[in-house]
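Thank you all for coming. I would like to walk through a few local features of one protein chain, and I ask you to keep the picture in view while I speak.

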Amino acid sequence: MRNTIWGRGLVVLVAMWAMIQPAAAQSFIDGRFDPAIPTLADTVGHAPATRITSPDQTYAYLNALVAAAPDRTRMVQYATSWEGRPLYYVILSAPENIARLDAVQADLANIAAGRVSNGAALPVTWLQYGVHGNEISSTDAALMTAYHLLAAQGDARAERIMRETLVVIDPMQNPDGRARFVNNFLAASGIAPAADRQAAEHDEPWPSGRVNHYMFDLNRDWFTLSQPETRGKVAAIRQWNPVVVVDLHEMGGDETYFFSPAAQPFNPNLTPAQVRAYELIGRANAAVFDARGEPYFTREVYDLFYPGYGDTWNAHQGAIGSTYEQGSARGLVFERRDGTQLTYEDGVHNHFTASLATAGAVADNPERFLSDFAQYRAANASGAAGRGTYLIDLAERRWNAESLGRRLAAQGITVLRRDGPASACGKSYPQGYLAVPQAQPAARLVRSLLDRDTPLPPDFLEEQERRRSQDLPHELYDVTAWSVGLMAGTDVTLCNSAVSGAPLAPDAPIAPMIEGTGAFAIAVPWNDSGQARFVTLALREGMDARVTDKAFAKAGREFPRGTVVFPAGSNTPEQMARLAALVREVGAHTVALDSGWVDSGPNLGSESFVRLTLPKVAIAWDDGISQLSAGAARYVLERRIGLPVTPIRTQRLARADLSDYDVLLVPEGDPSAALGDAGERNIRDFVRKGGVLVAIGDSLETFSDGDTPMLAVKREAALGREPGSEDGDKDASLAEAVEIASDAEYREAIKDERALPDTLPGALLNVVSERDHFLSAGYDGGAVVLATGTQIFTPLDRADGVNVLRFAEPGNLIASGYVWDENRRQLAYKPYLMAQRQGRGLVIGFAHDPSTRAYLDGLDLLIANAVLVAPSRVR
C-alpha cells in the first residue's frame, strides 16, 4: 500500500518539476500566485536571490506573510540572541488545520509520550535554515518556500503539503552571524559582484559570519545547550515533535548539493525504520533534482554519528533528521575551479527545491511518518532500548551533576531526583542521586548521551585502518566520544533495575548546601563549577578571600586544597550577608567555621593561604586565533564562571600596555605571524614582570620555539619518523617521538632533558594529577579531558617546570571513544597541563582546549585555577 502511494506521489512530483522555468517573480516554479500574498520585492525592495536578505528584512517579510494569511500561519518567537535579535519560526498549514492547532499540538505531545493518538495529530515537517550565519542562501530559500506554499494556486503538491501536514519554517537560526556576514559583504561590494574567489566580498574578516556572538558553531550545541539560540530551538522542537527535521547548510563553492542518506558511520542508536525513511526522502529529492538536471551527491562526508548536530540529535528523538548542503557562492557570484560560475540564485533555487521535495515526501506519506514516529517513541517507553537506570551521584561534583540533570531534562529526558542519603544497586549515595531511566520515549538519546562509550561500526573502523595503512585520510567527521557524565566530571552508574524519585524540572533552581553555624569565616570547598562561580561573583563584589594550596581538617571534616575562605574579620557584616545571599543564588556549597583553629593542615594565617583577588583578564583576539576556541574560552569564563574578559586584537599585542592585566589567554591557533617578534617580546616582558600567560593547543608552539622558549617543551613528530633537520626545515622544531611505557620511564624522561602524529578525531582520555601543584586543585583523582588533532608535547624537565596533568598509562588512557593505536602509545605519560616560571610570572600551557564547545564543564575548576587563582599564587 505504501509503495503504491509513493509511486503515485513520485509521478506527480516529477511532472510538477518538469514545469520549472529559470525564475519567476517570486517562485522558481512557474504558475499562478495569489496577489494578496506580498512578494519579497513588494516588502523589502529586492526580488528573491538578487540580493542577500538581511535579518531585519527577513523579519519584515515574515511579518508581511503572516499578516496577509493569518488563517494559514502562526508566527512564534522562540528565542533572543546574545545581541538582542529575535528568532522566529512560522507554522504553515491549511486553514482547517490552523484552526485546530492546539488540538494537533496536544495529540503530538501525546504520541511523543508513547501514548496512543486520539486522531487529531498531523505530521510536522520542520525546516530550519542558516544555523551558520555565512551559509546565506538557505534563509532566502526559506522565504521563497513560505511564499510558494501560501501563494501558489492550482499547485496540487503545495495544496497537499498544506492539507496533510504542518510545515514549520525556522528561517534564520543565527541572526547575529548573518548580520555580521551581510554587513561585511556590503562593505566590500562594488558596482558589480566579483566572481573572483580572492575578492574581499568572498573573504570574510575574522571571526566570519559562521558563528554567533560568542563564536559558537551552533550546529554542535544541541545537547550542550550553552547558547540561547539552541536552548530556544530545542524547547520549540519539543513543543511540536516533528517527524522530519531538515537543517539546510552550505559547503565549499566547488561542491554541488548533498542530501540524505548520510554517510557512514551511523550512530548505533538509529533504527532500521529510520534508515528506510532516509532512503524514501532521498529518492524524493533525487527525483526533483534529476528533473532539473541538477547534480547532487549522497552517502558521502556528512555522517550521522555525533549526536550534537541538528540532524542526529533530532534522529535520536525519533524524527528523520537530515543535513542538506549547497555549494556556497559566499556572495552573489563565485567562480569555481572548473571554470563555471555559481550564483546566489543557484543556491537559493536548490534549497527551495529540496525544501518542497522533502515537505512533499511527508505529505505523500503522512500516515507512515506519523506511525513510524509513534512506534519509535512507544517502543522506547516500553524498554526497547533498555530497562536499566543511570544513577548520577550528587556527592561527586554536586553542582555539575545538578546542572547535567537539568540539561537532560531540557531535552525532554525524564530525570528523577532522590534527596538525602540513599542506596541503590548495592551503592551508597550519601547526598542522594539523579536517576535517568532507559525505558522512556527519548531512550535512544539517553543512551547516546549517558553510555560511557558509543561504538563505531566494526566494518567502518576496519576500512579506516585500511585507509590509514595506505596513507589515505580517515573519514571520521567529528569526535568519537561525548559521554556527558564523563565530560561533567560526574559519577554515572548504570543500574539494571528501575529506581524511584521525583521528576526534575529543567528550570528548577540548584539548591544551596549550607553547613555549619560558626561566625568566624565561610569556607568554600573547591570541588565543582558552582564553587568557582560563587567565589568569582563574591570577588567581583569586593569581598576579601583566602585560598589554600594544601588540604586542612577541622572538627573531623576534610577541606580539599583549593578551598577558599571568606573571613568575617576582613569582610563587613553587610558583605557577609551578601555572601549568604550569593550562596542561595548560585546554589553553592559553604561551611561556616567557628574559629581559625584546625586539626591538621595549614591555619588561615599560614603562607599556604594567599589572598585571592579578582584578576583582570585579557584574551588574544582576531587573526591567528581560532574563533571557536576564543569564543568558548570567553563564554566559559564570563557566563559560567562569571569572570569578565577583555579581548585584545593579536596585531595590537605588539604595542599593547599589558601592565594593567594579570592574565593573558591565548586560545588555539597559530598567532606567530599576527604577533610578530614585537608581540612575542611584549608578552615575554609581561610574564617576566609577574603576569600569567595561558596558552592553549597549537598556540603553545608560538611560546615553545626558539633558543629561549617560554615553555620548554617541543611538539613531537609521529612515532617512527625523524623530526626535521636544523638546516631550515619547517619541521625542525619537532622533537623525536618517543614511547613511554611505564611510570619509571616517565620519571626518567623528566629528569633530563617530518611527520606529525595522525589526526585524532576526538576522544575522552584520562589524565593523572601532580597533586603538589595548586593548578591541579580539585583534581586529586585526575580528570577526563578531550584530546583532538595532532599535537603531542614532550614532558617538561623538572629543572624547567611541572607537568601538572599528564595523560595516563597506555592501558588506562582511553575513557571513551576511539584512538589510533600509535596515538594511544605515544600520548601516554605526555603532558596535558604544564606550568613553567618565567621571571616573576608563570606560563601555563594546555595541550588541548579545556573549554572546547563549552561541554567539558568538569574542567571548569582547572580553568579557574589557571585564570582566577594563578595570579594570586604568582604574586
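Predicted model: local features only at pLDDT ≥ 70, side-chain atom pairs only at ≥ 80, totals over all residues.

Residues are numbered from 1 along each chain as its sequence is written, and side-chain values use heavy atoms, with hydrogens and water left out.

Helix 7 covers residues 156-164, and its buried residues are R157, A158, I161 and M162. Those buried residues fall within an arc of 130° when seen down the helix axis, so they line one face of the helix; the arc is that of the directions from the helix axis to the C-beta atoms. Buried here means under 20% relative accessible area, exposed means over 50%, and partly exposed is in between, with a 1.4 Å probe and protein chains only. At the start of this helix, a side-chain oxygen of D155 comes to within 3.0 Å of the backbone nitrogen of R157.

Because C425 lies in the loop between strand 16 and strand 17, and C495 in strand 19, the pair ties together parts that are 70 residues apart in sequence. C425 is partly exposed, at 47% relative accessible area, whereas C495 is buried, at 2%.

Turning to the backbone, most residues other than glycine have a negative phi, and most peptide bonds are trans. A cis peptide bond, with omega about 10°, joins S260 and P261, and P261 sits in the loop between strand 8 and strand 9. Another cis peptide bond, again with omega about 10°, joins Q264 and P265, and P265 lies in strand 9.

Finally, L225 is not a glycine and yet has a positive phi of about 55°; L225 is in the loop between helix 8 and helix 9, and is buried at 8% relative accessible area. D471, also not a glycine, has a positive phi of about 60°, and lies in the loop between helix 16 and helix 17, where D471 counts as exposed at 74% relative accessibility.

Methods: Helix = DSSP H or I, 4+ residues; strand = E, 2+ residues; numbered from the N terminus. Polar contact = N/O pair within 3.5 Å; in protein donor to acceptor, adjacent residues only side chain to side chain.
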